[in-house]
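Let's take a friendly walk through one part of a protein model. Have a look at the sequence and the structure first, and then read on.

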Amino acid sequence: MKLLMIALLSLSSQFMSAAEKPLETVSRVDLDRYVGKWYEIAAFPQSFEKNCTGSTADYSLLPGGKIRVVNTCHLKSLEGKIKVAKGVAYVVDRDTNAKLKVTFFWPFYGDYWILDLDADYEYAMVGAPDREYLWFLSRTPVVSSTTFGHLLEKARDLGFDVSKLKLTLQARE
């Protein structure tokens, strides 16, 4: 009977959709390499980013292992008024450094999980385990179609509804 239960559980997990499976992060993040400026390439629209263009995130290490987060965007156009949101993140999973919590308004924290990361730290995909948040980030304002395709496919494989992705307008530097 026990063997039958194991076989049934194994079989049912094969049919589980990607959106129902636990979300996997990258195996390891070097925070010293991860900090710095990131450009938002695409994201799921969120109320706190309404009317944002040219969105960037700047991360810097703080004493005690926390991370300063400064998100910046231009409202309505690349020449629009600048909006800045400052927050703090901390690592939840010290084994990988890939699962963080971030707050812009204490005591409310959100999940920030690093789901894909280029070996040279040139692009990243960040999301949340409930799959309601997703960002494609890059060190440059534009990524190649190959990189974008890779991120899109990875997000789809992880169970994200990629039809909700919105490209972020960025100025070319």
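A residue is called buried when its relative accessible area is under 20%. Keep in mind that this is a predicted model.

## An enclosed strand

Let's begin with strand 7, which covers residues 123–127. Here 5 of the 5 residues are buried, so strand 7 is largely enclosed by the rest of the structure.

In a regular strand the side chains alternate between the two faces of the sheet. In strand 7, Tyr123, Met125 and Gly127 point one way, while Ala124 and Val126 point the other way.

## Partners on either side

Strand 7 pairs with strand 6 in the antiparallel sense, over 4 bridges. Within this pairing, Leu117 stands opposite Ala124 of strand 7. The two strands form a hairpin with 5 residues between them, and Tyr121 in the turn has a positive phi of about 60 degrees.

Strand 7 also pairs with strand 8 (residues 134–138), again in the antiparallel sense, over 5 bridges. Gly127 has Leu134 in strand 8 as its bridge partner. This hairpin has 6 residues between the strands, and its Arg131 takes a positive phi near 65 degrees.

## A closer look at Asp111

Now find Asp111, which lies in strand 6 (residues 108–117). Is Asp111 buried or partly exposed? Asp111 counts as partly exposed because its relative accessibility is 28%.

Beyond its neighbours within four places in sequence, Asp111 is in contact with Leu100, Lys101, Gly127, Ala128 and Pro129. With Lys101, the side chain of Asp111 makes a polar contact, side chain to side chain, at 2.8 Å.

Terms used:
Residues numbered from 1 in each chain as written. Predicted model: local features only at pLDDT ≥ 70, side-chain atom pairs only at ≥ 80, totals over all residues. Heavy atoms only, no water. Buried < 20%, exposed > 50% of the residue type's maximum accessible area, 1.4 Å probe, protein only. Contact = heavy atoms within 4.5 Å. Polar contact = N/O pair within 3.5 Å; in protein donor to acceptor, adjacent residues only side chain to side chain. Pairing = 2+ DSSP bridges.
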